[in-house]
Amino acid sequence: MSEQNGPQEGSIVQAFKSLRKDDFVHMLHHPCFKESTITSVLCGIGVGCIHLFMKAPRSKALNWGFGTYFGMSLVSWEGCNYRKQLETQNFNIQIQEAAQGLPKHRTSRPAENNDSEDA
């Protein structure tokens, strides 16, 4: 059982060699890229400015701003991908129900009961 034509595990150099220009061009059209970039830039600028207004040294404020940018990039990217995955799953469920003629069921919270309100 030998791997053929596959990069070795843990080889960062092989990973960078496998990157192509097209990988980055198509990333710009991904909706999660746009959302995570906007969110992370605004959060990074905001946290950096708050530290500057609190009389922190510039280097410390820049470090906080960049750290926030990097952290929010990861968090918002993963959050967006998770929401897209849930949308796809719900869409597939709706397609299967429509094909089978099954009654619709809710995947979110149940309907609220308004019987307790007396008018």
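**Exercise 1. Work out how helices H3 and H4 are oriented relative to each other.**

*Solution.* Start with how such a pair is described: two packed helices are characterised by the angle between their axes and the distance between the axes. Here H3 covers residues 31-53 and H4 covers residues 58-100, and they pack at an angle of about 155 degrees with their axes 7 Å apart. Axes are lines fitted to C-alpha atoms, for helices over the stretch in contact, and angles run from 0 to 180 degrees between N-to-C directions. Next, apply the classes: under 35 degrees is roughly parallel, over 145 roughly antiparallel, 65 to 115 roughly perpendicular, and the rest oblique. H3 and H4 are therefore roughly antiparallel to each other. By class, their contact has 13 nonpolar, 11 polar and 4 charged residues. Ala, Val, Leu, Ile, Met, Phe, Trp, Tyr, Cys and Pro count as nonpolar, Asp, Glu, Lys and Arg as charged, and the others, Gly among them, as polar.

A word on the ground rules: this is a predicted model, in which local features need pLDDT of at least 70, side-chain atom pairs count only at pLDDT 80 or more, and totals for chains, interfaces and linings use all residues. Residues are numbered from 1 along each chain as its sequence is written, and side-chain values use heavy atoms, with hydrogens and water left out.

**Exercise 2. Describe Lys55, in the loop between H3 and H4.**

*Solution.* Look at the backbone: Lys55 has a positive phi of about 65 degrees although it is not a glycine. Then check accessibility, where buried means under 20% relative accessible area, exposed over 50%, and partly exposed in between (1.4 Å probe, protein chains only). At 75% relative accessibility, Lys55 counts as exposed.

**Exercise 3. Summarise the protein chain as a whole.**

*Solution.* Count the elements: there are 4 helices and 0 strands. Both are DSSP runs, numbered from the N terminus (helices: H or I, at least four residues; strands: E, at least two). Finally, turn to burial: buried residues make up 12% of the 119 residues in the protein chain.
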